[in-house]
Amino acid sequence: MPDKFKDECGVFGIFGHPEAANMTYLGLYALQHRGQESAGIAASDGEHVRISRAMGYVADTFDGDTLAELPGTCAIGHVRYSTAGESKLANAQPILIDCAHGQIALCHNGNLVNARELRDELVQQGSIFQSTSDTEVVLHLYARSKARSSEDAIVESVSQVRGAFSLVMLTRDRLVAVRDPHGFRPLAIGRLGDAVVVCSETCAMDLIGATYERDVEPGEVFVVSAEGTRSIKPFPPAPSSQCIFEHVYFARPDSYVFGRSVNEVRTNLGRILAREQPVHADVVVPVPDSGVCAAMGYAEESGVPLRMGLIRNHYVGRTFIQPQASIRHFGVKVKLNPVRSILGGQRVVLVDDSIVRGTTSRKIVRMVRAAGAREVHVRISCPPTISPCFYGVDTPRRADLIAATHTLEEIREFLEADSVQYLSLEGLLSGVAPESNAYCSSCYTGRYPVEFPRDEARYLQLALKLDKGEAVTR
Ligand code: SF4
C-alpha cells in the first residue's frame, strides 16, 4: 500500500532530429521518476510510424537493437504509472492505431474524468477497445472523426474529453502536443538545434542539451510539422488548475515546472514553514530525498543547522527478500539508515514533504528516536492531505489519508512524535506562486475544479463520505 502519492506518467516528443528515438530514450530516462511500470517509444520516418513498448524501467526496456528498429526524425515516448486501467502491456503507451486519417500514436499524462461515459457510448456504437486505459477513448474519437485533416480530427477528438490531459501525439508527418484547458499536468516546449522538443519536465531537456522555451499553454494545441510550428486554441477558456503537488513532491527538483524552478519553490516552502511553525531544536534533518529542499529552506530561515541524519540507499529495487528473522524497522531501514553521530542526544526537526497514511512517517520517527534523538518534531512542507486526486495521480482512498480521519493531536500520537505541524494552505499558495491563483489544491481542500459525470460523480460522492464508514475501492 503506497504511503506517498504516486507519480503519474511522463511524456516526451521530438520533431526534426536524426536520432529521434535515441533522444526520446534519453528523455524518458530523465523522466523515469514519473512512472516505472512500463515504457514505450513510437517513431516516424515520414512514411510509417513504428512502436516499441515493454513493462519495466526505460533502461531495461530499450537497447541499441530495439532503438535501431525505430528509424526516423520524429518520435514520442511515455513512462507509465497506471492511474486508470490495469498495469499490463496492453495499457502501456504510446498507443498506436491505423485508421482513415492514417497512423497516429498517442501518449497521455493525466486522467480523463468522462472517459467511462465516452467509452460506454463508443462501445454501444460498435467500438472495440484493446485496453482498459482511459487514453484509448481519444483515439476512438479520432478514428471516428469525419474531419478532413488529421489535425482537425485531433482537435475534434480532444475537444470531447474532460479532465487532466497533457497529450503528445505523432502522425506520419507531424507531432502534436495538447494541454487541457485547466493545465493540470505540465508540458514544456524546448529546442535542440533545429529540432523541437516537448516533455513533462525540463530535466529531460537538460539531459539531451535542449533549451527550454515555454510551456504548452493550458488549452493549447501545439503542432509541429515540416512547415514549422503553430498553435490552435480550440477550447473555451477555463480557470487554470495546475497541480500544486508537482511542486510539492512529484517533479524533480532540477526541473522547471509551470515555468518555475521546483528547487526554488520547495526551498521557499521550507522557509515559510520555519516562519509558521518554529521549534526549539538542535538540528534540521530532511527525510531524503523528498524532504531535502524544504529542510534546506527551514534550516536557512530558522538558523538551526541542517544535517543529513538519515541516509538513503539509492539502489533499493522494487522488491527485496525479507529475512525470516525479525529485524527492527526492517522495511524502512532498507531504504533509510539513521546516522547516530548526528541524531544522538539531539532535538531534531524532521522535515518531509507530505504525510499520506502516516505509517512510513511513524517508522521514520521511531528510527530517529532509536538512534538516540532526544526530541523529534515533524514538520511537513504542505497542508494536511485530506482528499484523493482524480486528475491523474494515484492516491489512497480518503479513509486511508490520516489527515482526513485524525486530528492534529491524534496524528502526533500516531507518529509518536513530540510535535507535528504542517504548512498552511496560504503558506503553500504564497510559496508556489504569490501573484497567482492558477493552481489546483483539491487534495488539501476537497474542492474539485472539474466536475465528474455519472459514475465518476457517484464514485466521488462515495469517496467523500468515507468518514461515515462506507467503503470504496478505486
Ligand atoms: S488534487 Fe492534488 S494531486 Fe491532484 S491535481 Fe489537484 S493538487 Fe494535484
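These are my notebook entries on what I looked up in this predicted model.

**Ground rules**

I number residues from 1 along each chain as its sequence is written, and side-chain values use heavy atoms, with hydrogens and water left out. Since the model is predicted, local features need pLDDT of at least 70 and side-chain atom pairs count only at pLDDT 80 or more, while totals for chains, interfaces and linings use all residues.

**Entry: the ligand**

I take helices and strands as DSSP runs numbered from the N terminus (helices are H or I, at least four residues; strands are E, at least two).

Where does the ligand sit? It sits in the largest cavity. A cavity here is a set of points, on a 1 Å grid over the protein atoms alone, where a 1.4 Å probe fits but cannot get out. Sitting in it takes more than half of the molecule's atoms within 2 Å of its grid points.

**Entry: strand 8**

Next I looked up strand 8 (residues 174-179). Six of its six residues are buried, so I have it down as largely enclosed by the rest of the structure. Buried means under 20% relative accessible area, exposed over 50%, and partly exposed in between (1.4 Å probe, protein chains only).

In a regular strand the side chains alternate between the two faces of the sheet. I see R174, V176 and V178 pointing one way from strand 8, and L175, A177 and R179 the other way.

Then I checked the partners. Strand 7 (residues 163-171) pairs with strand 8 in the antiparallel sense over five bridges; pairing needs at least two bridges found by DSSP. A hairpin of two residues joins strand 7 to strand 8, and L170 stands opposite L175. Strand 12 (residues 221-225) also pairs antiparallel with strand 8, over five bridges, and there V176 stands opposite V223.

I found L350 in strand 20 (residues 347-352). Is L350 buried or exposed? It counts as buried, at 4% relative accessibility. Leaving aside neighbours within four places in sequence, its contacts (heavy atoms within 4.5 Å) include V285, V287, L310, I364 and V378.

Strand 20 pairs with strand 21 in the parallel sense over six bridges, and D352 has I380 as its bridge partner in strand 21. Five of the six residues of strand 21 are buried, so this strand too is largely enclosed by the rest of the structure.

**Entry: helix 10**

In helix 10 (residues 292-302) I listed C293, A294, A295, G297, Y298 and A299 as buried. What covers these buried residues includes helix 9 (262-276), strand 17 (283-286), strand 20 and strand 21 (375-380). After the helix comes G303, with a positive phi near 80°.

**Entry: H140**

H140 is in helix 5 (residues 136-144). I have H140 as buried, at 13% relative accessible area. Apart from neighbours within four places in sequence, it is in contact with L122, S127, I128 and F129.

I went looking for cis peptide bonds. One runs from Q93 to P94, with omega near 5°, and P94 lies in the loop between strand 4 (74-80) and strand 5 (95-99). Another joins P288 and D289, with omega about -5°; D289 is in the loop between strand 17 and helix 10.

I also looked up positive phi. F258 has one of about 55° although it is not a glycine, in the loop between strand 15 (256-257) and strand 16 (260-261). F258 counts as buried at 8% relative accessibility. E416, not a glycine either, has a positive phi of about 60°, and its loop runs between helix 15 (408-415) and strand 22 (419-422). At 34% relative accessibility, E416 counts as partly exposed.

Technical notes:
On a 1 Å grid over the protein atoms alone, a cavity is a set of points where a 1.4 Å probe fits but cannot get out, and a pocket is an open set with protein on both sides within 12 Å along at least five of seven lines; lining residues have an atom within 4 Å of a point.
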